[in-house]
Amino acid sequence: MSTPTLSALGAPLLLLRMFSAEYPHLPAPCLDVSTVYPDLLTLSFHDDLGGFEAWRDALGIAVESVSHHVQCDGRTRVLEAKADYAGARLRLVGYSKTPALSEVRSRAEADG
């Protein structure tokens, strides 16, 4: 098995360059490019679903295509969207803490 070269990551790196030129005003995500998935760029937002939504909206990813699940025994909400751009696959991920049961109030309590 040969070691991949940097050129193998060309598609996600080009996409990142395009995004940095077109969307410099958007929140900075955590970035992931890997030789394991050489055509994939992952933009992730930790404790910042607003950043996730800003990117989703800017990229025109439909709300209906966003998946939601929880992890860490229900303590973390995860939003995820996938799309294809400029020959690369894009994965957009947002993580947020799930409020503890003691922090969740009923509508009556909030309105009262």
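## Helix α2 and the residue after it

Just after helix α2, Gly-60 takes a positive phi of about 70 degrees. This value, like the others here, comes from a predicted model.

Helix α2 itself covers residues 49-58, and Gly-51, Phe-52, Trp-55 and Arg-56 are its buried residues. Seen down the helix axis, these buried residues fall within an arc of 135 degrees, so they line one face of α2. An α-helix has 3.6 residues a turn, so residues three or four places apart point the same way. The face of α2 turned away from the buried side carries Gly-50 and Asp-57, which are exposed.

## What α2 packs against

Which elements do the buried residues of α2 pack against? They pack against helix α1 (10-22) and against the strands β2 (40-46), β4 (76-85) and β5 (88-97).

Trp-55 gives a detailed view of this packing. Leaving aside residues up to four places away in sequence, Trp-55 touches Phe-19, Tyr-23, Leu-26, Pro-27, Pro-29, Leu-43, Phe-45 and Leu-92.

## The nonpolar core

The largest nonpolar core has 18 residues. Trp-55 is among those with the most contacts inside this core, together with Phe-19, Leu-43, Phe-52, Leu-59, Leu-90 and Leu-92. Two or more core residues come from each of α1, β2, α2, β4 and β5. In soluble globular proteins, nonpolar side chains tend to be buried together.

Is β5 mostly covered or mostly uncovered? Seven of the ten residues of β5 are buried, so the strand is mostly covered, where buried means under 20% relative accessible area.

Strand β5 pairs with β2 in the parallel sense, over seven bridges. In β2 (40-46), His-46 stands opposite Tyr-95 of β5. With β4, β5 runs antiparallel, and ten bridges join the two strands. Here Ala-83 stands opposite Leu-90 in β5. The strands β4 and β5 form a hairpin with two residues between them, and Ala-86 in the turn has a positive phi of about 45 degrees.

## The chain as a whole

The chain has three helices and five strands. From the N terminus on, the order of these elements is α-β-β-α-β-β-β-α.

Of the 112 residues, 29% count as buried. The accessible surface comes to about 7400 Å², and carbon and sulfur atoms account for 55% of this area. Among contacts between residues at least 6 apart in sequence, 52% join residues at least 24 apart.

Note on methods:
Residues numbered from 1 in each chain as written. Predicted model: local features only at pLDDT ≥ 70, side-chain atom pairs only at ≥ 80, totals over all residues. Heavy atoms only, no water. Buried < 20%, exposed > 50% of the residue type's maximum accessible area, 1.4 Å probe, protein only. Helix = DSSP H or I, 4+ residues; strand = E, 2+ residues; numbered from the N terminus. Arc of directions from axis to C-beta. Contact = heavy atoms within 4.5 Å. Areas by Shrake-Rupley, 256 points an atom, 1.4 Å probe, with all protein chains shown as cover. Core = buried A, V, L, I, M, F, W, Y, C linked by side-chain atoms within 4.5 Å. Pairing = 2+ DSSP bridges.
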